[in-house]
Structure formats: C-alpha cells, structure tokens
Amino acid sequence: MSALEPDELARLLSEAVEPVRPSPDAYRRIQAGVARRRRWRLPAYTAGGMVMAALIALAVVAIRPSPSNQVVEPAAPPVMPTNYTAPAVPGTAPVPGRSGQGGGTAGTSGGAGSASHAPTTTVTPRSSVAASTPTTPTASPSQPPASVSPPPGGLDSPQLPTPTAKPAGVNDIDGDGRPDTVGVAADGTTLQIEFSRDNQVAKIPLPAISAPLNSAVVDIDGDGFGELLVQTRASNGVKSYALLRYVSLDQVVVMALPDGLALSAGVRGNVATGLRCGDHVLQIASGTSTDGSQFTVTTTTLDLTVDGLSSADTASSTVRLPTDTSPFVASCGALS
Amino acid sequence: MTVVEGWRPVPARSDAARSDVARDADAALTALYSEHYRSLVRLAALLLDDVGLCEEVVQDAYIRVHGAWGRLQDRDKALAYLRQTVVNLARSTLRRRLVALKHAPKPMPDAASAEEGAYSLVERAAVIQALRELPRRQREAVVLRYYADMSEADAAAVMGCSVGSVKAYTSRGLSALSGKLEGLR
C-alpha cells in the first residue's frame, strides 16, 4: 500500500467538496441573524442580569443561617399568675400562694375550728420526719424533683405542674391523674398529703382534725387539681371544715374565706350554716331562725378562681325544717 | 480551551465608538462573506454530513463574529477567528448528532453537476465516506492541514491542541485514508 501524498489528498478533498454551492440567500440570512441578535441583545442582557441577581439573592438566603437553626433554650412551663393571698400568722413570713406573692391580708373567719389559719406547707421526703411549724414557712419542698426547672421568676416563684386532665380525677390533688393519699400525723393536728406525682409528703398543720379523718377531694374550679375539704372538728352538731388548695408542686395552702363566712355545716339552735360545691363555685348558706324551725337563709356564692375565693352573689330564701331540704349540710363530693 | 490570539476583552466604548464599530463590523462581514463564505461552507462540509447544516453552522459563525467584532483586538485575524468558530460549531453539532451519525449515516449529498462523470461521483463519495470514518480529531487535522492549507501551528490553534498532536493526528489520518482510498488510485 502506497502512502497517500499530501498534494493528492488536497486535490481529492477539493474535488470532493467542489460541488458544494452556497445558497443564494446566505448573505440575507446572515444579515437577518445579525439584526435578530441586535434586537434580542438588550432583553437578553436584561434577563440575564435579573437571573443573576435572583441567583445571588437565593444564594444569600441559602447561605445565611435561618433563625430556626439557632439554639433556643426551652422555656419553663408557664406559671399561672394568681393573686391568692393566704392569711398570715402574726410574726411569720408571707406565705407564697399560687401567684407567688406572699400572704398579704390576714384573713380570719369567725367560728371556732373554722379555717381561720393558713399554715404553710412543709414538704419533706417520706423518710424525713422533720417537723414543721407554722412560724417557719417553707415554700418549696426540701428535695425538689430534678425534673422541675426553676421558674422564670426565680426559685421563689411557685409553679404548677401541668395537669393530665380537667377536671381532676378522683382524689387527684396534684393533677397527675392518680389519687393522692391524705392522712393525719401522729400529733392529730397535722394533715399529711402524699403526692403520687413524686411521692413527696406535704404536712399542713391545722387547728384540729376530726377523728376519724373526714375529707373529700373535689375539683371545684375544674383546673385539673383537686381541692381538699377536711373536717376539722365537730361541736354541738356543727362540723367545721378547712379547704386546701394545691398551689404549686408539692405545696398546698389553706384557703381563706371572705370576712364573715366560715366553712361549717349544721344547726345549732337558731343559727345554721351549710356549704355546697357547685360548678366553679362554692356556696355557703347561713341561716337564722327565731323558732328553730323556719330559717331565713342567706346563700353566698363564692367564685373559686385562680385568684382565690371571692364573693360573687348573695341570695336570700326561707327554709322550714325539717320539711324542706336542709341547706345546712356539707354537700361537696364525698362529704354530705 | 480554544484561544485565538488577539481575542481579549476591551474596555466599554461610547455610543459614537459603538456606531463606528457597528459600521466596521458590517463592512467586515460583507468582505468576509464575499471572500471566504464558500470555502468555509466547504470546510464545514468536510467536517459535517449535511450541506444545509454546514451552511447554518457557517452563517451562525458569521453572526457571532459580527457580534464580537467590537471585542476583537486584531481585526486581521478575523478569518482565523471565523474558521475556529466554524470548527467549534461543527464539533458542537456533531456532538449533538452523534447518535444519529452512528446509527444512520447518510452519504454526503453531492450536488453533482451534469458534466462530471460517473467516476468522479464515486471518487468524491469515497473520499467523503473515508473522511467521515476517521476519528473527529484526525478528520479535523486532515481537513485543516490539507484542505484549508493551514500550517501545523494554525491548525493546532484552531483545534486547541499542541503542534505535536496535530502532527500525530495528521499522520494517522493520512495513513488511514491511504488504506481506505487505495482502490481509487
């Protein structure tokens, strides 16, 4: 095989494309293309600039860290502010209520054995037997559970756990959905509540506690934490009660009533009282009689709100005993 | 990257300068068309397989050169730039049509004139066919060296490779074509 000479290859290539003839309108097509290119140059450049600007903006947005990527410390559970104030024992420090505010006005309610004192809860572990005194209030349990973080207001601000159900279940004071245990200490005047939430025991000194213990847990305000009604004493046919409320973790306080009202039920001569738990209200009936049979009844409706007990309404009626249904009983949950 | 000497970005011009450049570009376009259009179409015809497509490639190259005329520093090398644009566009076209070329190769539609004999037709078809069977680089090197009559350096500049590579491609292509066209000589 002889190699192809360059000159011969050039000749062959030239001859091969020699028949190729340009189209007659080629120049017109080129000029049209040039005009088209001129016409589209400005819009194309504008569109290109806009696309570039959009890409740069997208890149900036993509690169810039979004606020959602920042680490945010979880906030503490909200504290339900209340203005409830517990009556203070002279010489004692303010008792924190649900609002975290110290006890302000000294509330007293007439009637012996009524809830006229607001002793402070002293919570100790079950193994602890540390005595508590009303004069040394302790607002927080001695061993707070590790799962509870300090509230935003500080360590002194009480906080309520989140209830599992509203209203609270049977005998559920701390809102965990399980019944809590109420008992009396050996001294006979200290109420002990063992919370099922953390097995802490709260000790509440009361003026007296009837034996055997007569109590009921009723979620009057439907906030998921049951209120505890405890019979403190019985004298001459009149039973006196104390109403306790769960104000913060492992802490309960005795609620004060407005002046002139007492939690008692029964008839003694021409004077009679009674109480009834309603929907978010507590009704206290006070009756007077001249003959011991026909009573003029003044029913005071107390609203149980986060702020405490407040007088909402007063109504008068007449009841003749024993023919009419007596309002002078304690009709509240298991109490009757 | 293929680089043509004298092709550099230049500073922006004023409106009056732009008008002058546009007039120059129009005049240069006309001159380049008159002198080189036919040869460039034939060059493209050796690189591609469709005369219509060759014309489109060459016309597109002219339009691009016209658009870039203001940025062309050395106007004397406009032909080199035009030729390189034709080669690059032919490459792009071939790349797009690679599958079609492999599976349905069509012979070069040679619009033969009436005075050409049957033997010439066979010879042309054989040369085109043999050229088309070469690898792209070898085909480009052979066409640029022996049809466009370019030096090895110019061919290397257009192809975007070294002179040594052009020599190798040309040698291999020439050898392959010798074998394929043996019967015609």
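Where does helix α2 of chain A bend?

**The bend in helix α2 of chain A.** This helix, residues 26-63, bends by about 40° at R41(A). A proline, P43(A), follows within four residues. The bend is the angle between two fitted axes, one for the seven residues ending at the residue and one for the seven starting there. Helices are DSSP runs of H or I with at least four residues, strands are runs of E with at least two, and both are numbered from the N terminus. The model is predicted: local features need pLDDT of at least 70, side-chain atom pairs count only at pLDDT 80 or more, totals for chains, interfaces and linings use all residues, and side-chain values use heavy atoms, with hydrogens and water left out. Residues are numbered from 1 along each chain as its sequence is written, while chains are lettered from A and ligands numbered from 1 in the order in which they are written.

**Buried positions in helix α2 of chain A.** Four residues of α2(A) are buried: A26(A), I30(A), G33(A) and V34(A). Buried means under 20% relative accessible area, exposed means over 50%, and partly exposed lies in between (1.4 Å probe, protein chains only). Chain A has two helices and 14 strands. Of its 336 residues, 41% are buried. Contacts (heavy atoms within 4.5 Å) also reach along the chain. Among those in chain A with a separation of 6 or more, 50% join residues 24 or more positions apart.

**The interface of chain B and chain A.** Chain B brings 39 residues to the contact, and chain A brings 30. The size of an interface is often given as the accessible area lost when the parts come together. Here the buried area is about 3,200 Å². Carbon and sulfur atoms give 67% of that area. The value is the accessible area (1.4 Å probe) that the two parts lose on being put together, summed over both. Seven residue pairs are in polar contact between the chains, both residues at pLDDT 80 or more. A polar contact is a pair of N or O atoms within 3.5 Å; within protein, one must be able to donate a hydrogen and the other to accept it, and residues adjacent in sequence count only if both atoms are side-chain atoms.

On the side of chain B that touches chain A, the elements giving two or more residues are α1 (15-47), α2 (51-67), α5 (118-132), α6 (136-147) and α8 (163-180) of chain B. Helix α1(B) gives the largest share, eleven residues. This side of chain B holds 22 nonpolar, seven polar and ten charged residues. Ala, Val, Leu, Ile, Met, Phe, Trp, Tyr, Cys and Pro count as nonpolar, Asp, Glu, Lys and Arg as charged, and the others, Gly among them, as polar.

The rule finds one salt bridge across the interface of chain B and chain A. D26(B) and R38(A) form it through their side chains, at 3.3 Å from N to O. A salt bridge is a side-chain nitrogen of Lys or Arg within 4 Å of a carboxyl oxygen of Asp or Glu. R38(A) lies in helix α2 of chain A. Its relative accessibility is 41%, so R38(A) counts as partly exposed. Neighbours within four places in sequence aside, R38(A) is in contact with A22(B), D26(B) and H66(B).

**The D221(A)-R245(A) pair.** The structure holds 13 salt bridges over all chains. In one of them, the side chains of D221(A) and R245(A) meet at 2.5 Å, N to O. The pair links distant parts of the chain, 24 residues apart. D221(A) sits in the loop between β5 (215-218) and β6 (227-235) of chain A, and R245(A) in strand β7 (residues 238-248) of chain A. D221(A) is buried, with a relative accessible area of 8%. R245(A) is also buried, at 0%. The side chains of D221(A) and R245(A) are joined by a polar contact of 2.5 Å as well.

R64(B) pairs with D60(B), with the closest N and O atoms 3.5 Å apart. Both lie in helix α2 of chain B, four residues apart, about one turn of the helix. R64(B) is partly exposed at 36% relative accessibility, and D60(B) is partly exposed at 27%. In chain A, salt bridges that share partners join D25(A), R28(A) and R29(A) into one network. Within it, D25(A) and R29(A) have their closest N and O atoms 3.4 Å apart. D25(A) is partly exposed at 23%, and R29(A) is partly exposed at 39%.
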